[in-house]
Amino acid sequence: MIKAIRGTRDILPPSSAVWNHVESVTRETFRVFNYHEIRTPIFEETTLFARGVGAETDIVSKEMYTWDDRDGTSITLRPENTASVIRAYIEHRLDQITGLKKLFYIGPMFRRERPQKGRYRQFFQIGAEAIGSDSPAIDAEVIELALEILERCGVTGSRLLINSVGDPESRQRYTDALREALEPVKDQLSPDNQRRAVTNPLRVLDSKDPGDEAIITTLPSIHEFLNEECRTHFARVRELLDARGVDYEVRPRLVRGLDYYTKTTFEILHGALGAQNAVCGGGRYDGLAESLGSRVPAPGIGFSIGEDRLVMTIEESLNAAALAPLDLFIAPLGADAGVHAALLASELRRAGVVVEVSTDAKLKRALETANKLNARYSLILGDNEIAAGVYALKNMATGEQKNVARGGIVSAMRGESDA
Ligand code: HAM
């Protein structure tokens, strides 16, 4: 028996209708914010993620699906998409096209994490990247966009956490301070964090090791080290969020699990998700393009929503079957009626009606199927109906039956008076 690989899943109907619903709501939201879709490859050169996301991060050091291609190139299934989007931005010289590049993507990402509720090895992200401006106005708009997608999808009760991780200069001073503060206590940390305390102390703040929590809370806050520019930027982002009436909590230890962030970082949490409670994460990455070899600066900010988690938070409150309803079930009686039913079905489908034609020879069985499929209407087609050109359309919820002419089926189903 061959089964799906651990940490991967099949998304089946009716749940797939919820996914489609989320994606169409999302696409419409991106449209009104003037974002355009980018599709990048699912695998890239490993160096892209090592340099972009950071070699010291959990994602790169432990969680990537990496292999050597036949020509010896090291290839990795993308664990995230921001590095790929910036790679494409640089490769296609998108900086030479006027205006801010506002790009979105929806697709699978791969991380070899320990699978649990809300955490998979193949998962889907809905992401946005606004590239080409370092204005705090973009930060506020990007955060608004993430919240707007969640709201339009029907997510309620989420919490927005924000922070500033500063620019390289502020962060260097903070990193030195962290290293100094960690030096006397680092032997008490978990082995991973002992290493990070020296190589990349900021990563200690992002540690998921509960045993290190007590030490982490005693460490200095980044806000003491932000320079004037970073402080002003963060204040402006907050001001613009306040003006929008957006609620948020400032979390000085929110450094996020990727190394490319500068200035604004944010996360959106949802209580119903349990331990894996982040439904969205994002932030600004003003130096990412340069670290990938671009000579042209490309400051940007973006986010990714975990689509699996988004679906989890709304699935129970949605009637998945109602998102993909069957309008009409046609039950033909006999071979001639079968031909007639097929033609009638083609005609109605062209008019946008969702039609299913029965393959059950027995009427009783056909009607049972119509019930099980939750068809809104059913129509029995026998020789008499064909000869008269009048059909008995049955409303399955009320049991009410109505005789309608062929041309009146659509309007009768829409609840309009017979045309
Ligand atoms: P991230 O925080 O690593 O950020 O991932 C964003 C979201 O993806 C998480 O909040 C979570 O909802 C979802 N996610 C991550 N890992 C898993 C998993 N194993 N299973 C299910 N869902 C998962 C990024 O990936 C950045 N690229 C976001 C970004 C875009 N920053 C700037 N632009």
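Glutamate 44 is buried at 9% relative accessibility, where buried means under 20% relative accessible area, exposed means over 50%, and partly exposed is in between, using a 1.4 Å probe and protein chains only. Its side chain meets that of arginine 87 in a salt bridge, 2.8 Å from N to O; the term covers a side-chain nitrogen of Lys or Arg within 4 Å of a carboxyl oxygen of Asp or Glu. The pair ties together distant parts of the chain, with arginine 87 in helix 4 and glutamate 44 in strand 2 (residues 43-45), 43 residues apart. Helices (H or I, at least four residues) and strands (E, at least two) are DSSP runs, numbered from the N terminus.

A word on the source: this is a predicted model, so local features need pLDDT of at least 70 and side-chain atom pairs count only at pLDDT 80 or more, while totals for chains, interfaces and linings use all residues. Residues are numbered from 1 along each chain as its sequence is written, and side-chain values use heavy atoms, leaving out hydrogens and water.

Back to the charges: there are 32 salt bridges in the structure. In one of them, aspartate 308 pairs with arginine 9, and the closest N and O atoms are 2.6 Å apart. Aspartate 308 is buried at 4% relative accessibility, whereas arginine 9 is partly exposed at 37%.

Now look for a local pair. Arginine 231 and glutamate 228 form a salt bridge at 3.2 Å, N to O. They sit three residues apart in helix 10 (residues 228-243), so about one helical turn separates them. Arginine 231 is partly exposed at 41%, and glutamate 228 is exposed at 52%.

What about disulfides? A search of the whole structure finds zero, taking a disulfide as a pair of cysteine sulfur atoms within 2.5 Å.

Finally, find strand 14 (residues 377-381), where four of the five residues are buried. Strand 14 pairs in the parallel sense with strand 12 (residues 328-332) over five bridges; pairing takes at least two DSSP bridges between two strands. Here leucine 328 stands opposite tyrosine 377. Strand 15 (residues 390-395) runs antiparallel to strand 14, joined by four bridges, and isoleucine 380 stands opposite alanine 392 there.
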